[in-house]
Amino acid sequence: MIFLFLWRAGLLRRMNSEKIRFFVGATDNPLYLSRRTPLASAISWLRALVSPRYARAVVGWLAYRADLFDGLCG
């Protein structure tokens, strides 16, 4: 479910290597909070794969985080 909603929201197209490293906590700066607590650890992946409601909420949250990363909001 999550991949369908990511595709519909256009987030798969917006991802680049820097955003993916930030998401999984593999950033260059050790002081980033995402390195200590990666965003990927906040998601229940099994639930996101099965539940459409949860997947839609996760995609909304990821879209917001991507906008923050790009400086579009915040």
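Student: How much of the contact in this chain, counting separations of 6 or more, comes from residues 24 or more positions apart?
Tutor: Those pairs account for 51% of the contacts with a separation of 6 or more. Contact here means heavy atoms within 4.5 Å. Keep in mind that this is a predicted model, where local features need pLDDT of at least 70, side-chain atom pairs count only at pLDDT 80 or more, and totals for chains, interfaces and linings use all residues. Residues are numbered from 1 along each chain as its sequence is written, and side-chain values use heavy atoms, with hydrogens and water left out.

Student: Okay, and what's the secondary structure?
Tutor: The chain has six helices and zero strands, so the pattern along the sequence reads α-α-α-α-α-α, with helices (H or I, at least four residues) and strands (E, at least two) taken as DSSP runs numbered from the N terminus.

Student: What share of the residues is buried?
Tutor: Of the 74 residues in the chain, 27% are buried. Buried means under 20% relative accessible area, exposed over 50%, and partly exposed in between, using a 1.4 Å probe and protein chains only.

Student: Let's look at H1. Which of its residues are buried?
Tutor: Helix H1 covers residues 2-9, and Ile 2, Phe 5 and Leu 6 are buried there. Looking down the axis of H1, the buried residues fall within an arc of 105 degrees, so they line one face of the helix. That arc is taken from the directions from the helix axis to the C-beta atoms.

Student: And what sits on the face turned away from the buried side?
Tutor: That face of H1 carries Phe 3, Trp 7 and Arg 8, which are exposed.

Student: What do the buried ones pack against?
Tutor: The buried residues of H1 pack against helix H2 (11-14), helix H5 (45-50) and H6.

Student: How do H1 and H6 cross?
Tutor: Their axes come within 9 Å and cross at roughly 40 degrees. Axes are lines fitted to C-alpha atoms, for helices over the stretch in contact, and angles run from 0 to 180 degrees between N-to-C directions. H1 and H6 are therefore oblique to each other; angles under 35 degrees count as roughly parallel, over 145 as roughly antiparallel, 65 to 115 as roughly perpendicular and the rest as oblique.

Student: Which residues meet there?
Tutor: From H1, Ile 2, Phe 5, Leu 6 and Ala 9 meet Pro 52, Ala 55, Arg 56, Val 58, Val 59 and Leu 62 of H6.

Student: Switching to H3, how does it lie against H6?
Tutor: The axes of H3 (residues 17-24) and H6 (residues 52-70) come within 12 Å and cross at roughly 120 degrees. That makes H3 oblique to H6.

Student: Who touches whom?
Tutor: On the H3 side, Glu 18, Lys 19, Phe 22 and Phe 23 meet Leu 62, Arg 65, Phe 69 and Asp 70 in H6.

Student: Is Lys 19 buried or exposed?
Tutor: Lys 19 is buried, with a relative accessible area of 9%. Leaving aside neighbours within four places in sequence, Lys 19 is in contact with Arg 14, Phe 69 and Asp 70.

Student: Last one: what about Arg 47?
Tutor: Arg 47 is in helix H5 and counts as partly exposed, at 48% relative accessibility. The C-alpha atoms of Arg 47 and Ile 2 are separated by 9.3 Å, though the two are 45 residues apart along the chain.
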